[in-house]
Amino acid sequence: MAGTPEIVLPCLDEADALPSVLRALPAGWPVLVVDNGSTDGTAAVAAAHGARVVVEPRRGYGAAVHAGLEAATGELVAVLDGDGSLDPAVLEPMADAVRSGRADMAVGRRVPDSPGVWPWHARAGNAVIAALLRRRGVPVHDIAAIRVARRQALLDLGITDRAFGYPLELLLRAGAAHWRLLELDVAYHRRAGGTSKVSGSVKGTLRAVRDMAGLLR
Ligand SMILES: Nc1nc2c(ncn2[C@@H]2O[C@H](COP(=O)(O)OP(=O)(O)OP(=O)(O)O)[C@@H](O)[C@H]2O)c(=O)[nH]1
Ligand SMILES: [Mg+2]
């Protein structure tokens, strides 16, 4: 179907989570798994479940997402984590918003479905970053862990961060380019399997905040 987004899943050691993640995605949407140096068989699991696999040896969330955008062929792309934490039911309304021209990019605002899903340190760091974004005129309450936009437009923003600053740089550049953003609630669950690499630990959160703080200076 014309206008069906291609789904890009950045994945570092997500073999446990991927089978249920892939089953839950909207039927008929092509899926690209970017394997970011996994050692747990992520690529084989992804391929066995019908996803196309692209390998990006350079570590980092931004490196994985960027490789996915370059390898994708669709006009629209949907990017979300490959850990099952984000409810993909929101992808259809997000794609509709971009297809219909109501928004240049649809982004998710995470709503945790139970206490403990979103550790306090990650939530606090996220709230501070989002407030700073709003002060700069970017009307968001989260840093867009799930998003739908036009692939070429995303590449044209020229995002350079290849680590955890990527989503923030994306929002800053989208704001500077006067993109119309639509923020939709997305249910946020515990990851479906595997282990946390970022916000599950204070250390991981601090790494992400460090990557992001440099961009807001
Ligand atoms: N940490 C990390 N994640 C990567 C990398 N490349 C791709 N990813 C993927 O980026 C997504 C976000 O990482 P997560 O570990 O889920 O980070 P988080 O959501 O803050 O933390 P948890 O869900 O609690 O684990 C996941 O799908 C990862 O597999 C990388 O180099 N480092
Ligand atoms: Mg996660």
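1. A backbone N or O atom of Gly-60 lies 2.7 Å from an oxygen atom of ligand 1, and this distance, like the other values in this note, belongs to a predicted model.

2. Two further polar approaches to the ligand may be read alongside that one. A polar backbone atom of Gly-82 is 2.8 Å from an oxygen atom of ligand 1, while in Ser-196 the side chain is involved, with an N or O atom placed 2.9 Å from an oxygen atom of ligand 1. On its own, ligand 1 has 610 Å² of accessible area, of which the protein covers 91%.

3. As to location, ligand 1 sits in the largest pocket. Around ligand 1 there are 19 residues, and those that come nearest are Leu-12, Glu-14, Asn-36, Gly-60 and Asp-83.

4. The make-up of this shell can be described both by class and by secondary structure. Seven of its residues are nonpolar, six are polar and six are charged, and at least two residues of the shell are supplied by each of strand 1 (6-11) and helix 3 (61-71).

5. The model has two aromatic pairs, one of which joins Tyr-61 and Tyr-166 in an edge-to-face arrangement, with 6.2 Å from centre to centre and 70 degrees between the planes. This pair links distant parts of the chain, since Tyr-61 is in helix 3 and Tyr-166 is in helix 7 (residues 166-176), 105 residues apart.

Definitions and conventions:
Residues numbered from 1 in each chain as written. Chains lettered and ligands numbered in written order. Predicted model: local features only at pLDDT ≥ 70, side-chain atom pairs only at ≥ 80, totals over all residues. Heavy atoms only, no water. Near = heavy atom within 4 Å. Polar contact = N/O pair within 3.5 Å; in protein donor to acceptor, adjacent residues only side chain to side chain. Areas by Shrake-Rupley, 256 points an atom, 1.4 Å probe, with all protein chains shown as cover. 1 Å grid on protein atoms, 1.4 Å probe; cavity = no way out; pocket = protein on both sides within 12 Å on 5 of 7 lines; lining within 4 Å. Sits in = over half its atoms within 2 Å of the grid points. Helix = DSSP H or I, 4+ residues; strand = E, 2+ residues; numbered from the N terminus. Nonpolar A, V, L, I, M, F, W, Y, C, P; charged D, E, K, R; others polar. Phe/Tyr/Trp six-rings, centres within 6.5 Å; stacked < 30°, edge-to-face > 60°.
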